[in-house]
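I'll jot down what I look up as I go.

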Amino acid sequence: MIRPLLSVLAAGLLLLQNDPGGGGTQVDASQKGRTTSVRLTFSQIKLSGDVKGGRGDGYRIKSPCWYEPFLNAEDMFKLKSDPRGNASRIIADERGFLEYIQQFKDKVGQPGLWWVPAYDAGDPQGPACWGGLELFVFVPPNTTPPSGITVQRLAEIARAALTVPEPTVKLNPEDKSFVNLPTWVWLEGVGRPRRSVTAMIPGVMSVTVVATLKGITIDPGAGSDRAEVRQDGCGASGKPYVKGGQFTCGVRYLRASLDQPRTSYRLTVTSEWPVEIAGQAAQAQLAPVRVQTTRDVQVGEIQSNVKP
């Protein structure tokens, strides 16, 4: 059951005062047209690698809140009972403060760690998920509590932060094509065909996810009665036009676009980046990154007159 609103707000203020991550790590991975970002809040997780300079695909973590290991019993008691850091609480309610820190005092001398909750504020369900967790959970050694961070969950967070280049669709002919004329399709601005993100809780665990550009899919913006697609020979990013070359990647439009919206076909090229967990590819599956890029293609029709 989710705690009452006042309790959640009070808990949030308490965590902000003693936040293990120094206010929380925030990393955005945005997709054109909508915000799809991971924003780690009250978290010790550090993200590095290709979290910026590209485009995310809206991937969501399966559960937007979790527990992270924090301090041992002795250090937690020192933190929570420190009169300098808790002066206002002591002045406001000394008896209540002593009752509050008793839970930490009781664990002194016991092996284990206190775990604290964190969440992804980029997910609309993140705050509510976090509100359903306990503020502090004491966990014995070599044990992960329910909803505790794991390598798999950390890999999902890295996957959510991963961005890939948003390339430009190039065509030949560039400005206007014609019925039955091969229109070559390829991508420019792909950059490095390998992208990676590392998510780490310092001194606890680390995981790296790697995305590698595999290929493209072409949607001509028309059905098979209007367009013939060739993409078996596209390779990873399409095939640039070569004079006299074999046409193996692109579209041959069969009808003019004059009757279409904007008098053009809306061509979409989707680049696909399969994702693996470095060193653990056989143990876990993560959805590939798929990014779409579109452009209009105007297709004309050459008229000819036959004289007897």
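Predicted model: local features only at pLDDT ≥ 70, side-chain atom pairs only at ≥ 80, totals over all residues.

Is F104 buried or exposed? Its relative accessible area is 0%, and buried means under 20%, so F104 counts as buried.

Next I looked up Y100. Y100 has a relative accessible area of 14%, so this residue goes down as buried too. Both Y100 and F104 belong to helix α4 and are four residues apart, which is about one turn of the helix.

**Rings**

My next pair was W114 with F136. Their ring centres are 6.5 Å apart and their planes stand at 90°, so I wrote down edge-to-face for this pair. Where do the two residues sit? W114 is in strand β4 (residues 113-120), while F136 is in the loop between α5 (126-131) and β5 (137-139), so the pair ties together parts that are 22 residues apart in sequence. W114 and F136 are both buried.

Which residues do the ring pairs link into a cluster? I listed Y100, F104, W114, F136 and F138.

**Helix against helix**

Back to α4, this time with its helix neighbour in mind. The axes of α2 (residues 73-81) and α4 (residues 94-105) come within 9 Å and cross at roughly 170°. Angles over 145 degrees count as roughly antiparallel, so α2 is roughly antiparallel to α4.

Who meets whom here? From α2 I have A73, M76, F77, K80 and S81, and from α4 I have F97, Y100, I101, F104 and K105. I sorted the residues of this contact by type and got seven nonpolar, one polar and two charged.

W114 made me check what pairs with β4. Strand β3 (residues 65-72) and β4 pair in the antiparallel sense over seven bridges. The bridge partner of L71 in β4 is W114. How much of β3 is covered? Mostly covered is my entry, as six of the eight residues in β3 are buried.

**An open sheet**

I moved on to another set of strands. Four strands form an open sheet in the order β6-β8-β13-β12, with antiparallel pairing. Which strands are at the edges? They are β6 (168-172) and β12, each of which pairs on one side only. Ignoring direction, neighbouring strands of this sheet are turned by 25° against each other on average.

With β8 (residues 182-188), β13 pairs over three bridges in the antiparallel sense. G250 is the bridge partner of W184 there. With β12 (residues 227-230), β13 has four bridges, again antiparallel. V251 in β13 stands opposite V229.

**F247 in the loop**

What lies between β12 and β13? I found F247 in that loop. F247 counts as buried at 10% relative accessibility. Leaving aside neighbours within four places in sequence, F247 is in contact with P182, T183, W184, R230 and R252. I also looked up Q231: its C-alpha atom is 9.6 Å from that of F247, and the two residues are 16 apart along the chain.

How many of its 11 residues are buried? Nine are, so α6 goes down as mostly covered. Among the buried ones are R153, L154, E156 and R159, along with several alanines including A155 and A161.

Technical notes: Residues numbered from 1 in each chain as written. Heavy atoms only, no water. Axes fitted to C-alpha atoms, helices over the stretch in contact; angles between N-to-C directions. Parallel < 35°, antiparallel > 145°, perpendicular 65-115°, else oblique. Contact = heavy atoms within 4.5 Å. Nonpolar A, V, L, I, M, F, W, Y, C, P; charged D, E, K, R; others polar. Pairing = 2+ DSSP bridges. Buried < 20%, exposed > 50% of the residue type's maximum accessible area, 1.4 Å probe, protein only. Phe/Tyr/Trp six-rings, centres within 6.5 Å; stacked < 30°, edge-to-face > 60°.
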